[in-house]
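Visitor: I'm new to this one. Can you put it up and take a few questions?

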Amino acid sequence: MTYSQTQPIVQAVNIHKSFKEVKALNGVDLEIMPSEFTALLGPNGAGKTTLVEIIEGIQFPDTGEIKLFGKHWKGNKDELHHQIGISLQETRFEDKLTTRETLKMFASFYGLNNTRVDEILSIVNLQEKQRSYVVNLSGGQRQKLALGISLIHNPKLLILDEPTTGLDPTARREIWDILHSLQETHGTSMILTTHYMEEAENLCKNIVIIDKGKVLAKGTLEELISASKTSEIIQFKVLNKSLFPDFTNYSDVKQIEKDEISGLVTMQVSNTSDFLPELIGKINLAGCGIAELRCRYVTLDDLFIQMTGRKLTDA
Ligand SMILES: Nc1ncnc2c1ncn2[C@@H]1O[C@H](COP(=O)(O)OP(=O)(O)O)[C@@H](O)[C@H]1O
Ligand SMILES: [Mg+2]
């Protein structure tokens, strides 16, 4: 299939999808260009899996239009299946097969042979586990196998649903390295869903923040941060909470969040260097005492709090 590099490879227009009274997707638009890495970032229940499954042709929207490589799923199923590689949120394997046998089986679906199996084992760094039964693989190794399967037919677009959820940091980092090198060596486009802001920041040029079935914001990390109300954060712990002064009417303070249990205060401010002396002065006057003061730039998590009042990791 020839397809221009300047046309979007995914076009989703005004997608709606409900499950009884639950609006899983409520008017989603999405456009992905070739060779781009896009993160669909949102908390549990945001609608990420529903959206990727609609892109994958596994589910169908109630209304709205979805096109891959300029084509609808209807009438183009076989062709589109060859263009995309998918890894579902939960992958079940045949436990009685080895890693190699599993890859061999999937390779046979596409008429591919052992050479491709060896290439995949090398790409996902599972050579040493090729003779292990799948049932004995660790969580990270299973995810690498799922990734290997999604890559077997050399797809142009890879769609990964929560590829590192539940993995330890080392296993997560290893998956990131594999995905980075895929992008560099194969020019594969990728959509991944995640609720880890570090994953979106680390892997994806484009970030689409999604919550309650709606796209809240999209762009590069820099675009999202520069579009936010503020880009600076001051955080500290208050030692005597009852004496903490009121900052709600300060124009410098765009948002203030207090964790009643830990005493952690998070302030989004327009300019740290302007506001910090005033903050310290007022705190000294009140005598409430603070500890662990730090200043930093906003993260995607802060942006999500700005937009929804909740944390990305809140269920
Ligand atoms: N098959 C289904 N039946 C009923 N409700 C569903 C189904 N799939 C998803 N949902 C609901 O739709 C919303 C979005 O789910 P999902 O797309 O899985 O979110 P995410 O992947 O972001 O966690 C949730 O409220 C979920 O409970
Ligand atoms: Mg999901």
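Visitor: Is Lys212 buried or exposed?

Guide: Lys212 is exposed, with a relative accessible area of 58%. Buried means under 20% relative accessible area, exposed over 50%, and partly exposed in between, using a 1.4 Å probe and protein chains only.

Visitor: What should I know about the model and its labels before going on?

Guide: This is a predicted model, where local features need pLDDT of at least 70 and side-chain atom pairs count only at pLDDT 80 or more, while totals for chains, interfaces and linings use all residues. Residues are numbered from 1 along each chain as its sequence is written, chains are lettered from A and ligands numbered from 1 in the order in which they are written, and side-chain values use heavy atoms, with hydrogens and water left out.

Visitor: Back to Lys212. Where is it in the chain?

Guide: Lys212 sits in the loop between strand E8 (206-211) and strand E9 (214-219). Helices (H or I, at least four residues) and strands (E, at least two) are DSSP runs, numbered from the N terminus. Lys212 also has a positive phi of about 50 degrees, although it is not a glycine.

Visitor: Now the whole chain. How many helices and strands are there?

Guide: The protein chain has 10 helices and 13 strands. Its C-alpha trace spans about 75 × 45 × 40 Å along the principal axes. Of the 315 residues, 47% are buried.

Visitor: What share of the contacts joins residues 24 or more positions apart?

Guide: Counting contacts with a separation of 6 or more, 68% are between residues 24 or more positions apart. Contact means heavy atoms within 4.5 Å.

Visitor: Pick a helix. How many residues of H5 are buried?

Guide: H5 is mostly covered, with 11 of its 13 residues buried. Among them are Gly140, Lys144, Leu147 and Ile149. The helix takes in residues 139-151 and reaches 19 Å from its first C-alpha to its last, close to the 18 Å expected. That expected span is 1.5 Å times one less than the number of residues.

Visitor: What covers those buried residues?

Guide: The cover includes strand E5 (84-87), helix H3 (99-109), helix H4 (114-123), strand E6 (157-161) and H6.

Visitor: Which side chain of opposite charge is nearest to Arg172?

Guide: Glu199, at 4.4 Å. For charges, Lys and Arg count as positive and Asp and Glu as negative, while His and the chain ends are not counted.

Visitor: What does Arg172 touch, then?

Guide: Leaving aside neighbours within four places in sequence, Arg172 is in contact with Thr164, Leu167, Tyr196 and Glu199. Its side chain makes a polar contact with the side chain of Tyr196, at 3.1 Å. A polar contact is a pair of N or O atoms within 3.5 Å; within protein, one must be able to donate a hydrogen and the other to accept it, and residues adjacent in sequence count only if both atoms are side-chain atoms.

Visitor: How many salt bridges does the structure hold?

Guide: It holds 10 salt bridges. One of them joins Lys205 and Glu36, with the closest N and O atoms 4.0 Å apart. Lys205 lies in the loop between helix H7 (197-203) and E8, and Glu36 in the loop between strand E2 (22-32) and strand E3 (37-41), so the pair ties together parts that are 169 residues apart in sequence.

Visitor: Are those two buried or exposed?

Guide: Lys205 counts as exposed at 52% relative accessibility, whereas Glu36 is buried, with a relative accessible area of 17%.

Visitor: Last topic, the metal. Which residues coordinate the magnesium ion?

Guide: The magnesium ion (ligand 2) is coordinated by Thr49 (OG1) and Gln89 (OE1), at 2.0 to 2.3 Å. Thr49 is in helix H1 (residues 48-55) and Gln89 in the loop between E5 and H3, 40 residues apart. Donors are N, O and S atoms within 2.8 Å of the metal (3.2 Å for Na, K and Ca); water is not among the atoms, so sites may look incomplete.
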